[in-house]
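Dear colleague,

I am handing over to you a structure that you have not worked with before. Please open it alongside this message, as the notes below are meant to be read with the sequence and the model in view.

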Amino acid sequence: MLFDNFTLILLAVVAAATLFPAQGQGAVFFDGLTVAAIALLFFMHGAKLSRQAIIAGMMHWRLHSLVFACTFIMFPIIGVLAKPILIPLIGDKLYMGMLFLCVLPGTVQSAIAFTALAKGNVPAAVCSASASSIIGILLTPLLVALLMQVDASEGPSALHSIGSISMQLLLPFVVGHGMRPLIGNWVDNHKKSLSRLDQTSILLVVYTALSASVVEGLWNTVLPKTLLSLTLVCCVLLAIVLWLTAWLGAHLGFNREDRITIVFCGSKKSMATGVPMAQVLFAGPLLGPALLPLIIFHQIQLMVCAVLAQHYARQEQALSASN
């Protein structure tokens with residue numbers, strides 16, 4: 001389905017934040033709840049990460065290097081080169097959001113799930129996606145400071161941002177992974193329930209962040225025409241990156257399973273990591289424009305990659321039948 005339940009609920013949350021934004025004491029309550037939800041989210045991410053999967057995929061350094069380069073080098077280069085085209089289309093603030101999108105780490109769960117559906121190299125996907133998420137906690141604030149030149153008047157310094165993000169995201173992740181020997185079996189047996197917890201946490205963070213931006217006048221500056229242009233820009237960006245990851249995988253001599261992993265791990269951006277990071281890195285009226293490209297791109301990548309994974313799976317079935 002092009003629109004799954006999470007996509008529809010996310011759209012409803014965006015509408016709720018637009019019509020009924022949290023204000024006053026309600027905003028204070030949701031801010032506190034959001035901090036707790038983010039900590040729990042990354043604690044569970046750490047607890048889910050299997051050390052056996054890390055060891056199984058760790059030796060494939062060429063694949064991981066390429067995924068890392070696509071995520072943290074190729075994406076930002078595209079964002080920087082597209083500046084003369086994007087600013088007239090979507091404006092300075094939304095361009096900043098596009099650049100923020102380009103420096104984010106990749107997704108974990110969906111990249112692994114789509115790789116498995118498409119019959120790719122799942123152990124390598126687990127290792128690559130997890131490494132991207134962990135490295136991004138430290139690397140993304142540095143890239144934001146480097147590419148956006150955010151100074152103290154607009155937001156926190158890079159070092160302060162890394163410290164804040166490490167406390168909010170990396171520390172719960174490390175604690176969760178450290179507790180995996182104690183709770184790992186329980187986590188593995190309740191993956192479906194925990195995926196709902198992930199989604200609920202993301203929805204809560206989106207509502208809280210968008211509420212603050214709506215109160216600051218987000219929709220007075222982002223007009224429907226601009227929103228449509230932003231959606232088209234996200235579609236074009238995803239198409240370019242999917243083509244480049246597939247082309248690089250083929251021309252660098254990777255086998256079919258590895259090429260599938262490169263496509264799904266190197267082309268995706270994480271909303272679970274990106275939304276909490278945006279709250280730390282961007283202040284006041286900058287937060288909404290920083291989040292909108294990520295929210296739109298995330299939904300498009302889920303829809304497109306679901307179709308693409310099914311296409312790869314059908315190809316595998318056809319190859320198996322012919323042999």
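The notes that follow go from the chain as a whole to one helix, then to single residues and finally to a cavity.

Please bear in mind throughout that this is a predicted model.

**The chain as a whole**

The protein chain contains 15 helices and zero strands. Of its 323 residues, 52% are buried. When contacts between residues at least 6 apart in sequence are considered, 87% of them join residues at least 24 apart.

**Helix α5**

I would draw your attention to α5, which covers residues 83-102. This helix has 20 residues, yet its end C-alpha atoms are only 12 Å apart, whereas a straight helix at 1.5 Å a residue would reach 28 Å.

The buried residues of α5 include Leu86 and Ile90, together with the run from Leu94 through Tyr95, Met96, Gly97, Met98, Leu99, Phe100 and Leu101 to Cys102. Among the elements that cover these buried residues are α4 (61-81), α7 (122-148), α12 (224-251), α14 and α15 (287-322).

Leaving aside neighbours within four places in sequence, Met96 is in contact with Met148, Phe282, Leu286 and Ala290. Met96 and Lys83 are 13 residues apart along the chain, and their C-alpha atoms are separated by 9.5 Å.

**Three further residues**

Lys119 is placed in the loop between α6 (109-117) and α7. The phi angle of Lys119 is near 65°, a positive value in a residue other than glycine. With 44% relative accessibility, Lys119 counts as partly exposed.

Leu138 belongs to helix α7. Its relative accessibility is 39%, so Leu138 counts as partly exposed. In sequence, Leu138 and Leu170 are 32 residues apart, while in space they are 8.9 Å apart, C-alpha to C-alpha.

Thr261 is part of helix α13, residues 256-266. The relative accessible area of Thr261 is 0%, and the residue is therefore buried. Not counting residues up to four places away in sequence, Thr261 touches Leu63, Thr115, Gly120, Asn121, Ala124, Ala125 and Gly266.

**The cavity**

Rolling a probe the size of a water molecule over the atoms shows where empty space is left. In this structure there is one cavity of 30 Å³ or more. The largest cavity holds about 30 Å³ of space.

Which residues line the largest cavity? The lining consists of Ile38, Leu41, Ser201, Ile202, Val205, Met271, Ala272, Val275 and Pro276. The elements that each give two or more residues to this lining are α2 (25-48), α10 (191-215) and α14 (271-281). Helix α14 provides the largest share, four residues. By class, eight of the lining residues are nonpolar and one is polar, and there are no charged residues. You will recall α14 from the discussion of α5, where α14 is among the elements covering the buried residues.

With kind regards

How values were computed
Residues numbered from 1 in each chain as written. Predicted model: local features only at pLDDT ≥ 70, side-chain atom pairs only at ≥ 80, totals over all residues. Heavy atoms only, no water. 1 Å grid on protein atoms, 1.4 Å probe; cavity = no way out; pocket = protein on both sides within 12 Å on 5 of 7 lines; lining within 4 Å. Points joined across faces, edges and corners; volume = space filled by probe spheres on them. Nonpolar A, V, L, I, M, F, W, Y, C, P; charged D, E, K, R; others polar. Expected span 1.5 Å × (residues − 1). Buried < 20%, exposed > 50% of the residue type's maximum accessible area, 1.4 Å probe, protein only. Contact = heavy atoms within 4.5 Å.
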